[in-house]
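Trainee: Could you walk me through this one slowly? I keep meeting terms and want to know what stands behind them.

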Amino acid sequence: MRETLEKIRKEAMEALASPSAELEELRIRYLGKKGELTAVLRGMGKLSAEERPVIGQMANEVRAEIEKKIDELASAAKGKAMEAKLAAEKLDVTVPGEPIRAGHFHPLALVQRQLEDIFLGMGYSIVDGPEVEYDYYNFQALNIPPDHPARDTQDTFYITDNILLRSQTSPVQARVMEKTQPPIKIISPGRVYRSDAVDATHSPLFHQLEGLVIDRGITMGDLKGALDMFAKRMFGEKTEIRFRPHHFPFTEPSAEVDVSCFVCGGKGCRLCKGEGWIEILGAGMVHPNVLRNCGIDPEVYSGFAFGLGIERIALLKYHIDDMRLLYENDIRFLNQF
Ligand SMILES: [Zn+2]
């Protein structure tokens, strides 16, 4: 029996020493209920009273030795598995982060925001209006009756005979005047539409910014003062403005307004085509008919209005010579702003 126990111990230790040892299998084989060691212990009844405690102690020692070895190997295997898992999940918190690629504003949006900032700083508020507009607000309320020639230069897209895509931001003025009694001091930026073919200076969709001021005693002097301040803030402190007589149906008198060239300072250069002046907007005193159409008494109130093309300002500011670049959304172009 001693020899049997010694043999079991030796075999078990050899089996456990193999790197491919299946610990659970060996535990069952040697220590399980039907295992080899249990079989030896069952046979102890046949032993003499003197031998029994000696063999019993020896069997317990062999059992303890095998158990200890299996537990050691099991815990070592567990540690190795954990190490491998940790290595696989290793996170280096000192690796520099990937930069987040944030977008930025389109040049038209940049110019619009700059214009809005300037006028907000001068006490104007921003008003929005519908792009799908009634003929009445786009034309008739603004002193442009159905057969007026000004409709030819502002040919737009019609939804019905009576509803169209607005050809200018001016209908917002009419809507504000209808609802609000003076004082009024607003700007209205937004998209407008004309049935024009696309070329370097035309697009069927473009952007305008319109301004309107109405109160008691507003004069042409106020208009010049407002535009002079705007021009200096937009194009630089040395900028001067110049009024040239013009005709718009909704203002009287009307003027086209130039700024002194902000590249050459008025000496003449490529940007101003040698003129020294650059046309940037149209303006004038609101026509009494327009005030009357919108429920404001022209005997009590007067006001001025002005309008400019946001594309035109963007082209001038960034020295872009083709308007189409603003709409093609070529990322190589847009990245430059
Ligand atoms: Zn110039």
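Predicted model: local features only at pLDDT ≥ 70, side-chain atom pairs only at ≥ 80, totals over all residues.

Trainee: What makes strand 1 and strand 4 a pair?

Mentor: Two strands pair if DSSP finds at least two bridges between them. Strand 1 and strand 4 are joined by two bridges and run parallel, so they pair under that definition. The strands themselves are DSSP runs (E, at least two residues), as are helices (H or I, at least four), both numbered from the N terminus.

Trainee: Which strand does strand 4 run antiparallel to, and over how many bridges?

Mentor: That's strand 5, with 10 bridges. Ile 187 stands opposite Gly 211 there, and Val 192 has Phe 206 as its partner in strand 5.

Trainee: In what order do the strands of the open sheet come?

Mentor: The seven strands go 1-4-5-9-8-7-6, with mixed pairing. Strand 1 (125-126) and strand 6 (241-248) are the edge strands, since each pairs on one side only.

Trainee: Why is strand 4 called largely enclosed?

Mentor: Eight of its 10 residues are buried, so the rest of the structure largely encloses strand 4. A residue is buried if 20 or more other C-beta atoms lie within 10 Å of its own, exposed if 12 or fewer, and partly exposed in between, with C-beta atoms placed from the backbone. Strand 9 is mostly covered as well, with seven of its eight residues buried. Over the protein chain, buried residues make up 28% of the 337 residues.

Trainee: What makes a group of residues a nonpolar core?

Mentor: Its members must be buried Ala, Val, Leu, Ile, Met, Phe, Trp, Tyr or Cys residues joined through C-beta atoms within 7 Å. The largest one has 50 residues, of which Ile 214, Leu 227, Ala 283 and Phe 304 touch the most other members. Helix 9 (residues 220-235) gives the largest share of this core, seven residues. Apart from it lies another core of nine residues, including Ile 8 and Tyr 30.

Trainee: How do you know that the chain is more spread out than a compact globule?

Mentor: The protein chain has 13 helices and nine strands. Its radius of gyration is 45 Å, well over the 20 Å that the globule rule gives for 337 residues, so the chain is more spread out than a compact globule. The radius is taken over C-alpha atoms, and the rule is 2.2 Å times the number of residues to the power 0.38. Along its principal axes, the C-alpha trace spans about 135 × 45 × 40 Å.

Trainee: Which domains is the chain divided into?

Mentor: Domain 1 (2-88) and domain 2 (107-334), with bounds from an automatic or database domain assignment. Their C-alpha centres lie 96 Å apart.

Methods:
Residues numbered from 1 in each chain as written.
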